[in-house]
Amino acid sequence: MFSFRRCGHRVAISLTKQYLPFAGLSRDSAAPCSPHFDVVVVGGGHAGTEAAAAAARCGSRTLLLTHRVDTIGQMSCNPSFGGIGKGHLMREVDALDGLCSRICDQSGVHYKVLNRRKGPAVWGLRAQIDRKLYKQNMQKEILNTPLLTVREGAVEDLILAEPEPEHTGKCRVSGVVLVDGSTVYAESVILTTGTFLRGMIVIGLEMHPAGRLGDQPSMGLAQTLERLGFVVGRLKTGTPPRIAKETINFSILNKQTPDNPSIPFSFVNETVWIKPEDQLPCYLTHTNPRVDKIVLENLHLNSHVKETTRGPRYCPSIESKVLRFPNRVHQVWLEPEGMDSDLIYPQGLSVTLPAELQEKMIMCIRGLENAKMTQPGYGVQYDYLDPRQITPSLETHLVQRLFFAGQINGTTGYEEAAAQGVIAGINASLRVSRKPPFIVSRTEGYIGVLIDDLTTLGTCEPYRMFTSRVEFRLSLRPDNADSRLTFRGYKEAGCVSQQRYERASWMKSSLEEGISVLKSIEFSSSKWKKLIPQASISTARSLPVRALDVLKYEEVDMELLAKAVPESLKKYTKCRELAERLKIEATYESVVIHQLQEIKEVQRDEALQLPKDLDYLTIRDVSLSHEVREKLHFSRPQTIGAASRIPGVTPAAIINLLRFVKTTQQRQGAMNKLPQTDEYLRDTDKLQEREL
């Protein structure tokens with residue numbers, strides 16, 4: 001084994017806390033003084049905590065390395081989870097027994113479902129979260145997870161070994177080197193470094209190294225990855241200033257109250273921890289021309305905006321909004337940071353102007369005329385690695401058993417990080433036990449769309465999940481994430497608890513039974529009109545109408561239907577979630593049948609696997625242009641479907657590649673039959689000899 005250590009002195013920054021020793025941990029025979037784990041996770045953010053917990057749930061002895069244990073579960077930017085598209089990711093993480101949804105149900109202060117004006121397929125579960133409570137609950141969960149050890153330490157380098165011949169990659173990771181020179185050996189390593197890779201904080205023209213305010217960046221690890229040959233890019237993000245609550249005039253602002261009842265994120269929770277009447281409101285205000293004037297007159301004092309580094313398109317700074325959308329008024333949501341917090345987070349006011357100008361700008365906004373800024377907003381610039389260098393399991397092409405998850409792959413947002421974290425944790429554990437990877441395709445979930453977009457398209461700006469990115473969103477709804485993923489997680493990965501599996505099984509059988517009963521109940525349209533006069537049912541229909549069809553009417557729900565036919569349907573109203581899901585299933589019945597046919601067509605393409613060791617640059621049996629060969633070589637798609645989604649790979653190239661795959665499969669099939677034929681002939685010869 002060898003370390004990819006740099007020559008000369010180390011440039012990693014020392015920690016503010018003393019690194020905790022690895023006393024009493026299991027030892028590796030190859031390194032008697034070093035601990036050995038199945039999986040090591042680097043980074044204790046939202047990707048890291050999900051990855052570490054998932055690996056441990058799968059049965060792997062896991063180590064979570066973080067700069068500071070007291071920052072585990074810290075919400076570095078906005079005090080909220082979920083939203084349109086993001087709420088889907090949280091439901092899917094929860095379906096795989098992930099943490100963030102359950103922790104949010106224990107820590108929220110304002111729960112609301114967004115996009116209610118549209119159908120339930122695109123509803124966005126969202127909650128304002130108490131920062132302090134979330135951190136406490138997440139740390140309690142992580143520090144009490146079986147098979148999971150947590151230690152403080154900064155990783156400076158990777159320990160590398162010879163590659164496994166049956167897998168692609170120039171080398172294999174076998175552990176990490178810490179800042180203090182100590183080593184930890186592992187079968188798999190997951191990097192979830194967030195914004196810490198050569199992170200730089202910017203306020204006005206001032207810049208200083210930091211992963212986030214108060215935390216030092218990771219310099220040595222960034223250089224190691226670059227030397228290994230990974231393509232490194234640079235991205236930026238930002239956060240708004242914080243405002244003292246008592247200095248805001250809420251009385252003149254638009255007030256938003258939470259939903260009643262509150263819908264929990266997790267499938268295992270029937271309610272959230274706090275009643276709707278005890279939750280905190282949010283308030284809406286807007287920018288104005290005076291804000292625009294301050295921004296435009298002081299662009300020369302803002303190096304973050306002048307940088308060519310790409311920032312988030314869908315959560316831009318106020319400077320970017322003023323420049324891209326001149327003479328517009330922009331929303332600013334004033335969000336509470338916790339039940340006992342004195343701070344307000346002005347969502348939509350991310351800014352990197354000098355602190356004194358930020359304060360001046362805030363006081364131009366309605367309701368904030370006397371507001372006091374407690375912390376200035378700032379920008380963060382950081383390294384990320386082109387995600388086309390990872391497989392759908394999140395393992396890297398270059399280094400075997402090395403996995404990336406979170407902002408290191410170019411994404412933005414807690415939910416996107418958590419989704420990658422749970423998949424990386426599962427696959428790092430499966431890699432240790434030499435089992436097939438756990439892949440979520442884009443026909444199975446938003447997680448699949450997220451990872452497929454990253455690994456085939458890459459990204460040059462912080463990637464954010466939206467419902468519009470998903471082709472089959474009528475089938476991939478928040479309500480049915482458990483039926484799509486929980487059973488796979490239980491059987492294929494072992495990451496789902498018995499309790500969750502049994503609950504998902506009960507819900508699945510109850511839905512099937514309920515739909516069957518609803519299909520079996522048939523009355524004439526005139527009878528239905530008498531039973532449910534509120535429904536706009538046309539009495540002109542001559543054929544009998546099923547109860548399932550009546551449930552499709554907007555004004556009809558299971559409660560109303562059960563009152564009309566109590567003997568058959570009353571029992572399905574006892575569970576709120578079951579009643580709501582039956583309504584949703586009825587709503588999408590016809591369109592989902594059509595969409596399932598489209599999904600099968602896509603799955604046929606996904607079933608055509610490309611050889612992992614295929615050398616696109618030198619292969620001669622297929623006609624491909626040099627440009628296409630380079631794109632395929634860089635992205636290394638695993639299926640024909642994935643190859644077809646790579647920009648620049650033409651339909652003609654896909655057809656040629658498809659022919660090559662089918663010809664190769666036919667040749668391989670013929671080769672596999674040869675030994676069987678020989679054996680059959682030998683057996684026949686022996687039989688003939690005996691007969692003779």
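User: Why is W528 called buried?
Analyst: Happy to walk you through this predicted model! W528 has a relative accessibility of 0%. Buried means under 20% relative accessible area, so W528 counts as buried.

User: What makes F523 partly exposed rather than buried?
Analyst: Its relative accessible area is 22%.

User: Why is the pair of F523 and W528 called tilted?
Analyst: Two things describe a pair of aromatic rings: the distance of the centres and the angle of the planes. For F523 and W528 the centres are 5.0 Å apart, and the planes stand at 50°. Centres within 6.5 Å make a pair, while planes under 30 degrees apart would be stacked and over 60 edge-to-face.

User: How many aromatic pairs does the whole structure hold?
Analyst: A search finds seven. There is also an aromatic cluster formed by F81, Y134 and Y414.

User: How do you know that K527 lies over the face of F523?
Analyst: K527 is 4.0 Å from the ring centre of F523. The distance limit is 6 Å, and the charge must also be within 35 degrees of the ring normal. K527 is listed as lying over that face. Likewise, R116 lies over the face of W123, at 4.5 Å from the ring centre.

User: Why is helix 2 described as largely enclosed?
Analyst: Count its buried residues: ten of the ten are buried, so helix 2 is largely enclosed by the rest of the structure. Among them are K86, H88, R91 and D94. After helix 2 comes D97, with a positive phi near 70°.

User: What makes strands 5 and 6 the edges of their sheet?
Analyst: The open sheet runs in the order 5-7-6, with antiparallel pairing. Strand 5 (80–82) and strand 6 (108–114) each have a single partner strand, so one side of each is left without a neighbour in the sheet. From one strand to the next, the twist averages 15°.

User: How do you know that strand 5 pairs with strand 7?
Analyst: A pair needs at least two bridges. Strands 5 and 7 are joined over three bridges, so they pair, in the antiparallel sense. In one of the contacts with strand 7, F81 has A127 as its bridge partner.

Technical notes:
Residues numbered from 1 in each chain as written. Predicted model: local features only at pLDDT ≥ 70, side-chain atom pairs only at ≥ 80, totals over all residues. Heavy atoms only, no water. Helix = DSSP H or I, 4+ residues; strand = E, 2+ residues; numbered from the N terminus. Axes fitted to C-alpha atoms, helices over the stretch in contact; angles between N-to-C directions. Phe/Tyr/Trp six-rings, centres within 6.5 Å; stacked < 30°, edge-to-face > 60°. Buried < 20%, exposed > 50% of the residue type's maximum accessible area, 1.4 Å probe, protein only.
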